[in-house]
Amino acid sequence: MTSTRRSFLLGSVGAALVAFGSRSSSSCAFDAALQLQGTEDDFRRYAPRQTPELELRDYHIHIRGGMTPELAHKRTLATGVRSGALENVGREWPIHSNELLDAFVLDVEKFNATLPVAERLKIGIQVNDRDWYTAIDPKILKRLDYVLADTMIMGKRPDGSDERLWLLPQDYDVDQDEWFERYFQHCMTVVSEPIDILANVTWLPSFIAPRYDELWTEERMRALIQKAVDGGKALEIQAESAFPKPQFVKLALEMGAKFSFGSNNFDAKLKNTDAWKRNIELFKLTKEDLWRD
């Protein structure tokens, strides 16, 4: 969010695993973290299959479900993949006021102050209201490293609450073509906001997902990608997600887009990062293809 953001150095995955493998008295706290996040095998499967030269960073780690800044930091030490600390911001979400947002940022800042500069967490928010940039105190925004958004909330329910698209039923009865046109315009709105990362790119709810190849035409993909490129925004590759599909990633790379990686965790456990690995290998991604805050 600001040109004065700190730059972090990333140690190699191999070095992190050496440290992880050592069993000194100082590893007791780390062992406790393992019990929450996964087994030793989980960590070993997670890290070596990533390419150390990419200096990967996971910008989509929610502080929820038992995940804490401390556990995110321990994950970095175990895997070599840098971590962010992210909270949902919006009227119907855990952080729904500037006071609560200030408290969250301050909490991570205090934790970061206990760490070497190279190990400090990036601080971010996921915005869920479309007027977020008029509601958040600019002084707090300047303390953030990044703002992330997705397109999975669109419109209102009859009771006035947000329409959370992932909750739509498989048999959702709607004119699908008309719905998708509204959704595409919604995607264009979100990517045009002053965000840094567009998460869950080209995601579709289950009732319409089988029509992905038909509805996400090259023209529509190009329009979305160009907005991201023009605004310097990252397109996320998310763990355990089938989206975006390869044709979108290929086109985005050709158009000069940058990508970020994310877990989108629900708890403290490691998620399967095969989607990261699949895209890294298929498109031979390099550091130059990745977004940096």
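1. A cavity is a set of points, on a 1 Å grid over the protein atoms alone, where a 1.4 Å probe fits but cannot get out, and lining residues have an atom within 4 Å of a point. Grid points are joined across faces, edges and corners, and a volume is the space filled by probe spheres set on the points. The structure holds one cavity of 30 Å³ or more.

2. This is a predicted model, in which local features need pLDDT of at least 70 and side-chain atom pairs count only at pLDDT 80 or more, while totals for chains, interfaces and linings use all residues. Residues are numbered from 1 along each chain as its sequence is written, and side-chain values use heavy atoms, with hydrogens and water left out.

3. The largest cavity has a volume of about 30 Å³. Its lining includes Leu-56, Arg-57, Tyr-59, Leu-290, Trp-291 and Arg-292. Strand 9 (residues 258-262) gives the most to this lining, with three residues. Helices (H or I, at least four residues) and strands (E, at least two) are DSSP runs, numbered from the N terminus. By class, the lining of the largest cavity has six nonpolar, one polar and two charged residues. Here Ala, Val, Leu, Ile, Met, Phe, Trp, Tyr, Cys and Pro count as nonpolar, Asp, Glu, Lys and Arg as charged, and the others, Gly among them, as polar.

4. A pocket, by contrast, is an open set with protein on both sides within 12 Å along at least five of seven lines. The largest pocket has a volume of about 370 Å³. Of the 20 residues that line the largest pocket, Met-152, Trp-166, Asn-200, Asn-264 and Phe-266 are the closest to its centre. The lining of the largest pocket divides into seven nonpolar, nine polar and four charged residues.

5. Two packed helices are described by the angle between their axes and the distance between the axes. Axes are lines fitted to C-alpha atoms, for helices over the stretch in contact, and angles run from 0 to 180 degrees between N-to-C directions. Helix 4 (residues 69-79) and helix 5 (residues 98-112) pack at about 45°, with axes 10 Å apart. The two helices are therefore oblique to each other (angles under 35 degrees count as roughly parallel, over 145 as roughly antiparallel, 65 to 115 as roughly perpendicular and the rest as oblique). In helix 4, Pro-69, Glu-70 and His-73 meet Asp-107, Val-108 and Phe-111 of helix 5, where contact means heavy atoms within 4.5 Å.

6. With helix 12 (residues 274-283), helix 11 makes an angle of about 50°, the axes being 11 Å apart. That makes helix 11 oblique to helix 12. Pro-246, Val-249, Lys-250 and Leu-253 of helix 11 make the contact with Asn-279, Leu-282 and Phe-283 of helix 12. The axes of helix 10 (residues 218-231) and helix 11 come within 10 Å and cross at roughly 50°. Gln-247, Phe-248, Leu-251 and Ala-252 are the residues of helix 11 that meet helix 10.

7. Most residues other than glycine have a negative phi, and most peptide bonds are trans. The loop between strand 8 (234-238) and helix 11 (246-254) contains Pro-244, which a cis peptide bond joins to Phe-243, with omega about -5°. Glu-240 also lies in the loop between strand 8 and helix 11, and phi of Glu-240 is positive, near 60°.
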